[in-house]
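This briefing is meant for a reader who is meeting the structure for the first time. Please look over the sequence and the model below before reading on.

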Amino acid sequence: MTIEVDYQFPPGVDAERQAKVIAVGQTAGTWDERFAHREARLKSHLAEVVRVETQETGSLATIHFPEANVEGDIASLLVAIFGKYSMAGAAKVIAVRLGEDYGSRPKLGITGIRERLGVFDRPLVMSIFKPALGLTAADHGTIFSQVAHAGLDIIKDDEIMGNLPAAPTLERLAACRKVIDEVKEKTGRTVLYAVNVTGRADRLIENARELVRNGANALLLNVLAYGFSVLETLARDRAIDVPIFAHPAFAGAMCASPDTGLAYSVVLGTLMAHAGADAVLYPAHYGSLPFDPLQEAKIRDSLRQRNVFPVPSAGIRAEIVPQILTDYGSDVILNAGTGIMDSPGGAAAGVRAFFNALECA
């Protein structure tokens with residue numbers, strides 16, 4: 001099996017030469033006669049440059065890497081295809097094509113999240129606790145009660161909300177779990193609360209298990225800050241039988257440069273989809289953050305191919321729901337923070353505005 005990677009080089013770079021540097025330097029490297037008796041084995045680990053094309057914006061090189069060079073996870077993949085070379089100069093990974101069985105699959109994904117919520121025929125509506133910091137656990141419970149009773153499907157912590165003394169994670173969960181139980185008892189509906197799971201590597205997995213034991217029915221993870229290995233571990237842990245919402249924080253540091261790093265569609269699409277995320281947040285091109293609609297479409301398609309929910313975010317408002325439906329259809333999560341929480345009529349009115357927009361679309 002091979003892993004196919006596309007590298008983009010800016011004008012002025014000898015793409016053919018650099019592709020060969022990658023194919024050798026990112027794999028077995030060079031050897032002399034002392035290793036002649038190992039030559040067949042060494043060659044089996046070399047990557048192969050299969051295509052170099054000159055384009056208006058530079059050059060594109062496609063390289064095949066032996067899957068035997070990696071461990072079937074995302075961390076070893078990143079080191080293998082771009083680790084040392086990422087510091088060598090101008091080059092950007094713009095596509096990674098992996099086999100269906102590579103990496104991890106979501107525990108729940110689109111179909112599982114819909115089953116948990118009992119909602120099968122429309123987009124899901126999601127919001128974010130605002131203000132991001134400074135609320136007490138009781139404040140979280142009050143806000144959640146307002147939006148949950150108005151029909152909200154999912155709410156999540158803001159990504160910068162950690163296990164802080166003003167509102168410890170378990171206390172926030174306890175306050176919100178009461179609301180989840182109350183809504184279930186009164187209406188039969190399930191509402192998900194994606195709790196931000198944090199902590200050092202030696203504690204984070206146990207923190208996630210503790211949250212689930214205490215009633216968490218979804219988790220939020222800042223994947224790029226804590227690492228793909230953490231996401232893969234959570235996804236494969238049988239004790240963590242809840243959906244994992246992957247946040248894109250820090251993606252700009254990896255993806256925003258036109259000439260270096262990795263494309264957003266690789267990081268937030270391909271890699272997240274093969275690391276076990278159930279739903280992935282990313283900027284929508286019609287939102288508050290500048291984003292390439294072509295990258296957004298690639299992310300959407302990569303996620304859906306592996307049953308992962310796309311969650312276009314950042315500046316989502318009720319008035320752009322028709323455009324989102326045109327671009328996404330029904331298998332999408334409408335994620336609105338200020339678009340719901342800052343509604344002139346209050347947060348509950350903000351939720352109702354989204355459902356009204358869905359009914360009218």
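How many residues apart are Lys-43 and Glu-39 in helix H2? In this predicted model, Lys-43 and Glu-39 are 4 residues apart in helix H2, which spans residues 39-44, so they are separated by about one helical turn. Their side chains meet in a salt bridge, with a distance of 3.7 Å from N to O, and a search of the whole structure finds 18 salt bridges.

**The largest pocket**

- The largest pocket has a volume of about 470 Å³, and of the 27 residues that line this pocket, the closest to its centre are His-247, Pro-283, Leu-289, Ser-313 and Ala-314.
- Sorted by class, the lining of the largest pocket consists of 14 nonpolar, 9 polar and 4 charged residues.
- At least two residues of this lining come from each of helix H10 (251-255), helix H11 (264-273), strand S11 (279-283), strand S13 (333-336) and helix H14 (338-341).
- Strand S11 gives the most to the lining of the largest pocket, supplying 3 residues.

**A strand pair**

- Strand S2, made of residues 48-55, and strand S3, made of residues 58-66, pair in the antiparallel sense over 7 bridges.
- These two strands, S2 and S3, form a hairpin with 2 residues between them, and within the pairing Glu-53 stands opposite Leu-60 in S3.

- Leu-133, Ile-160 and Leu-164 together make a nonpolar surface patch of about 250 Å².
- One of these residues, Ile-160, is found in the loop that lies between strand S6 (154-156) and helix H6 (169-187).

**Backbone details in loops**

- As background for the two points that follow, most residues other than glycine have a negative phi, and most peptide bonds are trans.
- A cis peptide bond, with omega at about 0 degrees, joins Lys-130 and Pro-131, and Pro-131 is found in the loop between strand S5 (124-128) and helix H5 (137-149).
- Asn-307, a residue other than glycine, has a positive phi, with a value near 65 degrees, and Asn-307 is found in the loop between helix H12 (293-305) and strand S12 (309-313).

Technical notes: Residues are numbered from 1 along each chain as its sequence is written. This is a predicted model: local features need pLDDT of at least 70, side-chain atom pairs count only at pLDDT 80 or more; totals for chains, interfaces and linings use all residues. Side-chain values use heavy atoms; hydrogens and water are left out. On a 1 Å grid over the protein atoms alone, a cavity is a set of points where a 1.4 Å probe fits but cannot get out, and a pocket is an open set with protein on both sides within 12 Å along at least five of seven lines; lining residues have an atom within 4 Å of a point. Grid points are joined across faces, edges and corners, and a volume is the space filled by probe spheres set on the points. Ala, Val, Leu, Ile, Met, Phe, Trp, Tyr, Cys and Pro count as nonpolar, Asp, Glu, Lys and Arg as charged, and the others, Gly among them, as polar. Patches are made of residues with over 30% relative accessible area and no salt bridge: like charges are joined within 9 Å, nonpolar side chains (Val, Leu, Ile, Met, Phe, Trp, Tyr) within 5 Å. Accessible areas come from the Shrake-Rupley method with a 1.4 Å probe; for residues, only the protein chains shown count as cover. A salt bridge is a side-chain nitrogen of Lys or Arg within 4 Å of a carboxyl oxygen of Asp or Glu. Two strands pair if DSSP finds at least two bridges between them.
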